[in-house]
Amino acid sequence: MPADFFATHFAFMSSAEGWAALVTLVAMEVVLGIDNLIFISILTNKLPPEHRARARRLGIGAALIMRLLLLTTISWIVAMTAPVFTAFGHGFSWRDLILIAGGLFLIWKATREIHHTVDPQDHREDMVGDTINVSLGGAIFQILLLDLVFSVDSIITAVGMTDYLAIMYIAVLVAITVMLVAATPLANFIERNPTIVMLALGFLLMIGTTLIADGFGFHVPKGYIYSAMAFSALVEGLNMLARRSRGGTPPDH
């Protein structure tokens, strides 16, 4: 019965607490999506221009499907936080192992890109090869790897914040919609401003490090991470404005 379904899954709409949980979780999911979106933007910018938009849509679409599928297995997701073995005095769960693997991948990817950016002459052939030979399938595969890491983290966060599946589904759908809308403008902005690329790669290094720390049981509040990212972006924005001002002003004679 539709009425019974609505009463069961959308009962939160009749209470202020339910709406507060929805707004909070939507905001949290959108913020968590920033990490995923930065990686997608950097990776797809290495593809030929005609494949970039398609790669972004496929990558973000895959993230949506993955998160919706994970939501259908809530009991399995919750079980992923149970320790499977103990080492160094810490009980490691499947979630911990996924976060550590994802963090290592992010650090490796960001370090490799920073090396190529800082010393392009030493890697000229590699860079040309990356730009031309990175296939659409290869880019999607790498995006899927990180989608899995961020999706597990996102869904576990959602499970910890509310018991209503409807709130989780709405939050995921809103977050993915925001990612779809913001993906191309963000990627274009990064491509037009080379210094932003280095800043974004630095963000990926920091995100990778925090994922590994979280996997080892050292939780770093995400508010600190995003505050540092916002402050760095603000400083870089001021630098960009200063460079444009100097470029538009004739030099003194």
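Buried means under 20% relative accessible area, exposed over 50%, and partly exposed in between, with a 1.4 Å probe and protein chains only. This is a predicted model: local features need pLDDT of at least 70, side-chain atom pairs count only at pLDDT 80 or more, and totals for chains, interfaces and linings use all residues. Residues are numbered from 1 along each chain as its sequence is written, and side-chain values use heavy atoms, with hydrogens and water left out.

**Whole chain.** Colour by secondary structure: the chain has 10 helices and 2 strands. These are DSSP runs numbered from the N terminus, helices being H or I with at least four residues and strands E with at least two. In sequence order the pattern reads α-α-α-α-β-β-α-α-α-α-α-α. Of the 253 residues, 40% are buried.

**Salt bridges.** Select Glu113 and Lys46, both of them buried. They form a salt bridge, with the closest N and O atoms 3.5 Å apart; the term requires a side-chain nitrogen of Lys or Arg within 4 Å of a carboxyl oxygen of Asp or Glu. Glu113 lies in helix H5 and Lys46 in the loop between H2 and H3, so the pair ties together parts 67 residues apart in sequence. Shared partners join Lys46, Lys109 and Glu113 into one network.

Next, select Arg95 and Asp214, whose side chains meet in a salt bridge at 3.2 Å, N to O. This pair links helix H5 to helix H9 across 119 residues. Arg95 counts as buried at 14% relative accessibility, and Asp214 does at 12%. The count of salt bridges comes to 7.

**Core.** Which residues have the most contacts inside the largest nonpolar core? Select Phe39, Leu106 and Leu204; the core has 56 residues. Such a core is a set of buried Ala, Val, Leu, Ile, Met, Phe, Trp, Tyr and Cys residues joined through side-chain atoms within 4.5 Å. H7 gives the largest share, 11 residues. Zoom in on Leu204: not counting residues up to four places away in sequence, Leu204 touches Asp35, Ile38, Phe39, Ile42, Leu106 and Ala110, where contact means heavy atoms within 4.5 Å.

**End of H9.** Finally, select Gly217, which follows H9 and has a positive phi near 95°.
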